[in-house]
Amino acid sequence: MEKIRVGIVGYGNLGKGVELALQQSPDFELTGIFTRRAPETMQSVTGNVPFFHIDTAKDYVGKIDVMILCGGSATDIPEQGPHFAAMFNTVDSYDTHAKIPEYHASVDEKARQNGNTSVISTGWDPGLFSLNRMIAEAILPVGKEYTFWGKGVSQGHSDAIRRIEGVKGGVQYTIPMESALERVRAGEDPELSTREKHMRECFVVAEDGADKDKIAETIKTMPNYFDEYETVVHFISEDELKTEHARMPHGGFVIRSGKSGRDSKQIIEFSLKLQSNPEFTASVLVAYARAAYRLNKEGQSGAKTVFDVAPAYLSPKSTAQLMKELL
């Protein structure tokens, strides 16, 4: 079997999840993990993967087929996406929805210039949820779409909290409003504001002497992350964070409520219930890394989204197998 050679950039929860996901995919081979930390101090989850400093990645051009970018969307991916797209095929989970078009443009330019293929903004939202929104809208053009997230930990929002000055640690939970969800499932087609659909609950460990009021205000007014939501901030101890908020569950629902034919009411619902958000997101990234590799082999270059990738490219199975087993 031809192995797809992979590199991981960044080794937080998502990077560790990618390493574990690759263990379940025999058509991949993990070449190494690239980090900003001292490589000699690092130890992988499986214990047998070499670490390299991120600045040495350029030395592996031609030796790695796909780089999976596992940094945060707040500051890491906007810089790393175009940078690595100039050298490798890439996959990332950039999730700042409002800025995806400009991020796509910056990655597309570098990838096309160098004949590489980059699948951006994949995972489950953006990613699988985006795909289901599109399919449901195409099938029920007369209707309304609703997306609910949670209850669960948002990696991107939690990362954004941790980057605030004075914050030592933190986690953010997205919580759907149950009353709004019930109205949608009942086919009422309500008009719901952002605040009526979700709330955000933050648990923060502050540095000694930090201005907690300033931290809370910075969180609540952060554009694209918290400013449009009812946001509650709790300050807790480091021990509480470790013992009560170590798990990273998540999930959510994409619902399309519409009408077809003779005014028949139709509802499409796609849902996820995840015990580990980063491990699931990592599994999606690995599937789309397979797609990026195949697309590039066919001569396709530039930035792609889940809308551009045919489902068959995600699977290690042949078209004949897919037809026989799943069609």
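## Salt bridges and cores at a glance

Start with valine 18: setting aside neighbours within four places in sequence, valine 18 is in contact (heavy atoms within 4.5 Å) with Ile8, Ile68, Cys70, Ala282, Leu285 and Val286. What you're looking at is a predicted model, where local features need pLDDT of at least 70, side-chain atom pairs count only at pLDDT 80 or more, and totals for chains, interfaces and linings use all residues. Residues are numbered from 1 along each chain as its sequence is written, and side-chain values use heavy atoms, with hydrogens and water left out.

**Nonpolar cores**

- A nonpolar core here is a set of buried Ala, Val, Leu, Ile, Met, Phe, Trp, Tyr and Cys residues joined through side-chain atoms within 4.5 Å; buried means under 20% relative accessible area, exposed over 50%, and partly exposed in between (1.4 Å probe, protein chains only).
- The largest of these cores has 33 residues, and Val18, Leu22, Phe28, Ile68, Val91, Val286 and Tyr288 are the ones that touch the most other members.
- Two or more residues come from each of S1, helix H1 (13-23), strand S2 (28-35), S4, helix H4 (128-139) and helix H10 (277-297); helices (H or I, at least four residues) and strands (E, at least two) are DSSP runs, numbered from the N terminus.
- H10 gives the most to this core, with 10 residues.
- Another core lies apart from it and has 21 residues, including Tyr60, Ile77, Ala85 and Met87.

**Salt bridges**

- A salt bridge means a side-chain nitrogen of Lys or Arg within 4 Å of a carboxyl oxygen of Asp or Glu, and by that rule there are 14 salt bridges.
- Aspartate 65 pairs up with arginine 5 in a salt bridge, their closest N and O atoms 3.1 Å apart.
- That pair links distant parts of the chain, 60 residues apart: aspartate 65 is in the loop between strand S3 (51-53) and strand S4 (66-69), while arginine 5 is in strand S1 (residues 4-9).
- Aspartate 65 counts as buried at 13% relative accessibility, whereas arginine 5 is partly exposed at 28%.
- Glutamate 325 and lysine 317 form a salt bridge too, with closest N and O atoms 2.5 Å apart.
- Arg36, Asp76, Asp159 and Arg163 are joined in a network of salt bridges.

**A buried threonine**

- Threonine 96 sits in the loop between strand S5 (89-91) and helix H3 (100-113), and it counts as buried at 7% relative accessibility.
- Beyond its neighbours within four places in sequence, threonine 96 is in contact with Ser73, Asn224 and Tyr225.
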